[in-house]
Amino acid sequence: MGDKKRKLTQNPHEKASKDKKEKKEKKEKKSKLRDAEESVNGKDTEEKAEEVKEEKKEKKEKKEKKEKKEKKEKKEKKDKKEKNDKKEKKEKKEKKEKKAKKETSEEEEAEDKAAPAAEEETADAMDVDAESTENKDEEKKEETLEEKRERRKKNKKDKKEKKAQEAAENAKQQEQQSEGQQEQQDEEQQKSSRFIAFVGNLPYSANNETIKEHFVKTPPASIRVATEKDKPTRCRGFAFIEFENFDRMKTCLKLYHHSMFNDGKYPPRRINVELTAGGGGKSDYRQSKIETKNKKLNDERQRTSKQMSKEKDRKTRHKNGEEEGDAQAAGDPDDNFAGVHPSRRIRLP
């Protein structure tokens, strides 16, 4: 009994360790079996997928082969039909040609048979009518010659009339074209030849009425005063004056350039009257045009100023010469040129 109890006291620990080992072994076996089954199943699925793909490929190839065969058969059928149609058409044409040839040959034979009898009859008739036909032919020839002459005359007259009509029509067209061109040129000149002058250094109180009063001697056709956007009654210091012709604009430029503008509201100031170009804007072409015009105007003004200065110098010299001549005539009674005008004394030897 004592030995059995010892065995029982030792067994519980051993049994627990054995049980654990057995469980681990079972788990390992199960996991191995599962892995083996999964690997087998994976291989089977891959094989099945490959088989399915191969089957699909085979089906596609079979369908394509069938379609190709059907297309070939259809083409062959069409070609056969076309060939048969062509053959039938050719046969029909040949039959028609044969029939036409037969008919023409029969007609020729009938004519050949009837020809000798007709020739005999016509020979007798020709002998009788030969003389009459010769006379008729001569008359016809004479008539034809006269008709030809008359036709030639008529044709010549018709040609001359047509040429005269064409010449008259061409002249009318040329006149109309020239008139239209002249009208266009006149319109272009009127558009391009606008006589506009620029007025600068105006006071803020300047308006159309005061500008008209200032330019009374050469009244402009239209006045455009540049005003501010916020205050339309306030002048921006410049305006544009347009004239009817070039002469009035020229006189205005001579008379009123650097003239004193006085409207009573601001102190009088010197204004500038210069040339400008129509159209407005600040384009390079317009500015260059205005510069060239004003250069010419300044050159003309310089020339006129030089001429004026020369005339003044001449007058002063003339006056000084007269005074000297009077003094000499009064101081030298024995002078031989006492009664000669001083302007002529210089010419005398």
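Here is a quick tour of this protein chain, from the overall layout down to two residues.

**The whole chain**

Keep in mind that this is a predicted model. The chain has 349 residues, and 12% of them count as buried. In terms of secondary structure, you'll find five helices and six strands. Walk along the sequence and they come in the order α-β-α-β-β-α-β-β-β-α-α. As for contacts with a separation of 6 or more, 53% of them are between residues 24 or more positions apart.

**Strands that pair up**

Which residue of β3 is the bridge partner of Phe 198? That's Phe 240. Phe 240 turns up again as the bridge partner of Arg 224.

**His 214, in a helix**

Now for helix α2, which spans residues 208–214 and contains His 214. Is His 214 buried or exposed? His 214 counts as buried because its relative accessibility is 16%, and the cut-off for buried is under 20%. Setting aside its neighbours within four places in sequence, His 214 is in contact with Tyr 256, Ser 259, Met 260, Phe 261 and Ile 271.

**Asp 263, in a loop**

Asp 263 sits in the loop between β4 (260–261) and β5 (269–270). Asp 263 is buried yet has no salt bridge. Its nearest side chain of opposite charge belongs to Lys 265, 5.9 Å away, while a salt bridge calls for a nitrogen and a carboxyl oxygen within 4 Å.

So what does the side chain of Asp 263 reach? One answer is the backbone nitrogen of Tyr 266, at 3.4 Å. There is also a polar contact of 2.4 Å between the side chains of Asp 263 and Ser 205. If you leave out residues up to four places away in sequence, Asp 263 touches Pro 203, Ser 205, Ala 206 and Thr 210. Ser 205 is therefore on both lists for Asp 263: the polar contact and the residues touched, with touching taken as heavy atoms within 4.5 Å.

Methods. Residues numbered from 1 in each chain as written. Predicted model: local features only at pLDDT ≥ 70, side-chain atom pairs only at ≥ 80, totals over all residues. Heavy atoms only, no water. Helix = DSSP H or I, 4+ residues; strand = E, 2+ residues; numbered from the N terminus. Buried < 20%, exposed > 50% of the residue type's maximum accessible area, 1.4 Å probe, protein only. Pairing = 2+ DSSP bridges. Lys, Arg positive; Asp, Glu negative; His and termini not counted. Polar contact = N/O pair within 3.5 Å; in protein donor to acceptor, adjacent residues only side chain to side chain.
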